[in-house]
Amino acid sequence: MTAIAEHRPTRRWSVLPGFGPSLGFTLFYLCLIVLIPLSALFLKASELSFAAAWKILTEPRTLAAFRLTFGASAVAALVNSAFGLVIAWLLVRYRFWGRRIVDAMVDLPFALPTAVAGVALTALTAKNGWVGSLFAPLGIDIAFAPPGIVIALVFVGLPFVVRTVQPVLQDFEPELEEAAATLGADRWQTFLKVTFPSLAPALLTGFALAFARAIGEYGSVIFIAGNRPGETEIVPLLIVIKLEEFDYRGAAVIAVASLLAAFSLLIIINLLQRRLGAHRG
């Protein structure tokens, strides 16, 4: 009996609760916060027939809002991916005076209310603003036009790329770059063949987060967009207009379509990210 007791496996003590309570709490929280609201949205949209829902989605005003929202979000996410990589590289690889200030400024769009950002960007890019006055003589409108929407989406989405790439870059081993240099590779070859493949999955994740954030952005865009139907009207604003008109079913249909489109794109990006990770491995 003593030998059996000595070889009996002891239960590992943990500060957190076991698997069962953790799984139950996780499922309960996800259902309460995510699944139940989305189910209510789908149920409201299902009150319309397929023909009625298709008629709402194929209206010229709705199609124009979708084209503008997804197009501007994609452009803003691409811009953030390029400049976010540069900013993350600067913050990780170099030590300079004011680095902490620059690092804190990256998180400013998180803390700044979106309405304040929208008003500030509108004042800056209007025809009489500091930036807008430079382009007004050339006949280029920034505020109350698609370029202004892209600028607002770039502003709110930049931190997602920087904060996603920065930890990966911090954990990257510089010895790999040094080994490539000793083998005769120049700086661009080292970056493209050694550094960038390790950063690509994180960069793609940052692009997906910035893209998803831009699709649902409302507060900062409505001030700078001009909100002209068919020209500068975004999908979130169209949903709000439907709600103000007490067209709850129409708003639910547009919201479901936007959700499905964004979710499909995120799945595609996730698959690409996995393939990049598998290729790297």
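Leaving aside its neighbours within four places in sequence, which residues is glycine 118 in contact with? Select glycine 118 in helix 7, and then show Ser220 and Phe223, the residues with which glycine 118 is in contact, where contact means heavy atoms within 4.5 Å.

Before moving on, note that this is a predicted model, in which local features need pLDDT of at least 70 and side-chain atom pairs count only at pLDDT 80 or more, while totals for chains, interfaces and linings use all residues. Residues are numbered from 1 along each chain as its sequence is written, and side-chain values use heavy atoms, with hydrogens and water left out.

Stay with glycine 118, which counts as buried because its relative accessibility is 0% (buried means under 20% relative accessible area, exposed over 50% and partly exposed in between, with a 1.4 Å probe and protein chains only). A distance drawn from glycine 118 to tyrosine 218, C-alpha to C-alpha, is 9.5 Å, although the two are 100 residues apart in sequence.

Next, select the whole of helix 7, residues 114–125 (helices are DSSP runs of H or I with at least four residues, numbered from the N terminus). Its buried residues are Ala117, Gly118, Leu121, Thr122 and Thr125. They lie on the same side of helix 7, because they cover an arc of only 130° around the axis, the arc being that of the directions from the helix axis to the C-beta atoms. Among the elements covering them are helix 8 (132–135), helix 9 and helix 12 (221–225).

Within helix 9 (residues 146–171), go to phenylalanine 155, which is partly exposed with a relative accessible area of 25%. Not counting residues up to four places away in sequence, phenylalanine 155 touches Pro109, Leu112, Ala117 and Leu121.

Now colour the largest nonpolar core, which has 32 residues, with Phe66, Leu85, Val165, Val235, Ile239 and Ile254 having the most contacts inside it (a nonpolar core is a set of buried Ala, Val, Leu, Ile, Met, Phe, Trp, Tyr and Cys residues joined through side-chain atoms within 4.5 Å). The largest share of this core, nine residues, comes from helix 11. A second, separate core of 17 residues includes Leu121, Val150, Ala152 and Ile234.

Finish on helix 11 (residues 187–215), where a kink of about 55° lies at phenylalanine 196, shortly before proline 197 (the bend at a residue is the angle between axes fitted to the seven residues ending there and the seven starting there).

Methods
Helix = DSSP H or I, 4+ residues; strand = E, 2+ residues; numbered from the N terminus. Expected span 1.5 Å × (residues − 1).
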